[in-house]
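Please look over the sequence and the structure below before reading on.

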Amino acid sequence: MSFSEHFLWGGATAANQYEGAWDEGGKGLSTSDVMTNGSHTVPRRITWVKPATGETGSTDLSTLSCRGLPEGVEPAIVAGECYPSHTATDFYHHYAEDIALMGEMGFKAFRLSINWARIFPNGDDEEPNEEGLAFYDAVFDECAKYGIEPLVTLSHYETPLNLAVRYGGWADRRLIGFFERYAKTVMKRYLGKVRYYLTFNEINLMSMMPFMAGGVTDAAPQVRAQAAHHQFVASALTVKAAHELSPELRIGQMLAYSPVYPYSADPADDLLAMERAHDALWYADVQTGGSYPAYRLKQMERDGVALEMEPGDEDLLARYPADFLSFSCYGGSTVSVRQRELEAGSGNLALGIVRNPCLATNAWGWATDPYCLRLALNTLYDRYHKPLWVVENGIGWSDVREPDGSVHDDYRIDYLRQNIQSMKDAVDLDGVDLMGYTMWGCIDLVSAGTGEMRKRYGFVYVDRDDKGEGTLERSRKDSFYWYKKVIATNGEDLS
Ligand code: BGP
């Protein structure tokens with residue numbers, strides 16, 4: 001057997017893309033609730049209001065990331081816009097049915113996020129919302145029925161909107177305290193039900209999409225670096241609190257990490273690949289490794305960033321690094337110093353990459369890369385010597401549901417077969433310590449990048465389209481039965 005008998009096979013989701021019920025059960029608004037839908041060619045937008053004049057408008061995600069929001073506006077819901085998070089694929093009302101489907105596939109783990117604004121509607125409330133806490137109690141009890149271990153992300157693009165409007169999101173140090181209160185509340189409440197937590201989904205998103213990563217609407221490098229620092233300190237405090245609460249609890253970092261390939265044998269391409277890899281790795285050097293690496297400190301100097309730290313911050317980072325490192329990986333990124341002359345590539349949070357001629361891609365330009373997991377797992381294990389967990393991997397496809405409800409997604413099975421084999425090689429041939437694998441979007445949900453329903457990842461099809469229409473009925477795709485067999489044989493039979 002390649003994988004240990006405790007290997008945690010399963011699937012991953014996030015509240016903002018899956019849960020819906022945006023205004024039910026006492027939930028407050030979160031940053032995702034003001035993000036419109038988009039497509040492969042039309043960017044998602046943040047809608048806003050100018051309180052002084054009542055004027056409304058929107059800013060697209062890429063403009064927001066480079067220039068921030070216009071002066072004097074506040075992110076807000078605007079009438080007539082379409083917000084995919086509001087219903088998503090309605091896990092809130094389908095959780096028992098969905099978890100039963102996961103149980104049928106033999107899941108050992110289910111990654112979901114708690115919607116922070118369901119527990120603390122404004123983020124800075126003194127007391128939690130009991131109805132929100134009770135909802136996740138019901139979810140975890142359902143998981144227990146099937147022997148499914150929850151893996152809970154505490155913050156997956158769901159910063160309570162009030163914290164973005166009133167405080168400027170994670171740019172403000174006070175968010176550390178609000179997050180600590182939230183993390184302690186849920187860890188205590190679900191003691192005995194949840195053992196594994198992740199703090200911030202794809203924490204390195206702070207460099208690229210700070211609004212999604214932490215409600216930050218200012219694009220200045222100083223502000224992003226400060227916001228990331230606050231999240232590192234919050235992570236360390238969460239690890240500390242978890243260890244004080246119970247020896248059972250394990251807190252992981254979650255990083256978006258893909259191998260970066262040089263397009264050519266030109267060493268300048270190789271150097272660029274190293275620098276791009278550093279853009280992600282420094283986040284793990286701090287949160288899992290325990291300190292800021294030299295190359296990052298030098299970069300901050302060049303960018304004119306002067307990080308504000310409080311006495312004790314560095315000590316906290318060093319004493320309470322993450323217990324394990326989890327990551328998302330969909331395929332490698334390819335870079336070249338001759339980027340302008342080459343065809344552009346596309347991938348998860350991959351900016352400024354070129355198309356890799358050796359790899360096939362889907363309709364969104366994301367590559368199927370049979371080696372990415374083995375490479376990523378080796379790099380991360382060599383660097384941190386901590387247990388790893390692949391918490392996102394998969395392929396978005398515009399699936400077709402046949403009149404009899406079946407979905408023939410052999411392309412997904414091919415992708416997963418190659419990726420699981422690559423992960424298996426990292427364990428078998430290289431001895432990497434791997435805790436589990438949770439395929440992204442196990443039940444169809446809304447795409448984070450484009451806000452579409454059309455880009456589906458699941459083993460289970462959900463009847464809902466980009467206009468928000470459909471019955472929300474669930475049906476099993478061919479990959480459902482394939483993955484069930486993979487789990488039943490603990491990854492031995494990938495045929
Ligand atoms: C990651 C996010 C997920 C998820 C996934 C797929 O960046 O953590 O939330 O959405 O990417 O990306 P997309 O939905 O854009 O296809």
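Two residues are in contact when heavy atoms of theirs lie within 4.5 Å. The model shown here is a predicted one, and this cut-off decides which neighbours a residue is said to touch.

A place to begin is Trp9, which is part of strand β1, residues 8-12. Leaving aside residues up to four places away in sequence, Trp9 touches Phe3, Phe107, Lys108, Ala109, Ile420, Met423, Tyr437, Tyr483, Val486, Ile487, Asn490 and Gly491. Is Trp9 buried or exposed? Its relative accessibility is 1%, and buried means under 20%, so Trp9 counts as buried. Lys467 stands 458 residues from Trp9 along the chain, and the C-alpha atoms of the two are 33 Å apart.

One of the residues that Trp9 touches is Asn490. Asn490 belongs to the segment that follows α15 (478-488). The phi angle of Asn490 is positive, about 50°, although Asn490 is not a glycine. With a relative accessible area of 11%, Asn490 is buried.

Leu472 is another residue that has a positive phi without being a glycine; here the angle is about 70°. Leu472 sits in the loop that runs between β14 (460-462) and β15 (474-476).

Glu392 is located in strand β12, which covers residues 388-392. The side chain of Glu392 makes a polar contact of 2.6 Å with the side chain of Tyr330. Beyond the residues up to four places away in sequence, Glu392 touches Tyr330 and others, among them Arg111, His156, Asn201, Glu202, Met254, Phe327 and Trp440.

The next step is the chain as a whole. How many helices and strands does the chain have? There are 15 helices and 15 strands. The radius of gyration is 21 Å, close to the 23 Å that the globule rule gives for 495 residues, so the chain is as compact as a globular protein of that length. Along the principal axes, the C-alpha trace spans about 60 × 55 × 50 Å. Of the 495 residues, 60% count as buried. Among contacts between residues at least 6 apart in sequence, 75% join residues at least 24 apart. The accessible surface of the chain is about 18,700 Å², and carbon and sulfur atoms account for 50% of it.

Which residues come nearest to the ligand? Of the 15 residues around it, these are Glu202, Ala448, Gly449, Lys455 and Tyr457. Glu202 is also among the residues that Glu392 touches. By residue class, the shell around the ligand divides into 6 nonpolar, 6 polar and 3 charged residues.

For Asn348, a polar side-chain atom is 2.8 Å from an oxygen atom of the ligand. For Tyr157, an N or O atom of the side chain is 3.4 Å from a ligand oxygen. For Gly449, a polar backbone atom is 2.8 Å from an oxygen atom of the ligand. On its own the ligand has 370 Å² of accessible area, and the protein covers 97% of that area.

Conventions:
Residues are numbered from 1 along each chain as its sequence is written. This is a predicted model: local features need pLDDT of at least 70, side-chain atom pairs count only at pLDDT 80 or more; totals for chains, interfaces and linings use all residues. Side-chain values use heavy atoms; hydrogens and water are left out. A residue is near a molecule or strand if one of its heavy atoms lies within 4 Å of it. A polar contact is a pair of N or O atoms within 3.5 Å; within protein, one must be able to donate a hydrogen and the other to accept it, and residues adjacent in sequence count only if both atoms are side-chain atoms. Accessible areas come from the Shrake-Rupley method with a 1.4 Å probe; for residues, only the protein chains shown count as cover. Ala, Val, Leu, Ile, Met, Phe, Trp, Tyr, Cys and Pro count as nonpolar, Asp, Glu, Lys and Arg as charged, and the others, Gly among them, as polar. Helices (H or I, at least four residues) and strands (E, at least two) are DSSP runs, numbered from the N terminus. The radius of gyration is taken over C-alpha atoms; the globule rule is 2.2 Å times the number of residues to the power 0.38. Buried means under 20% relative accessible area, exposed over 50%, partly exposed in between (1.4 Å probe, protein chains only).
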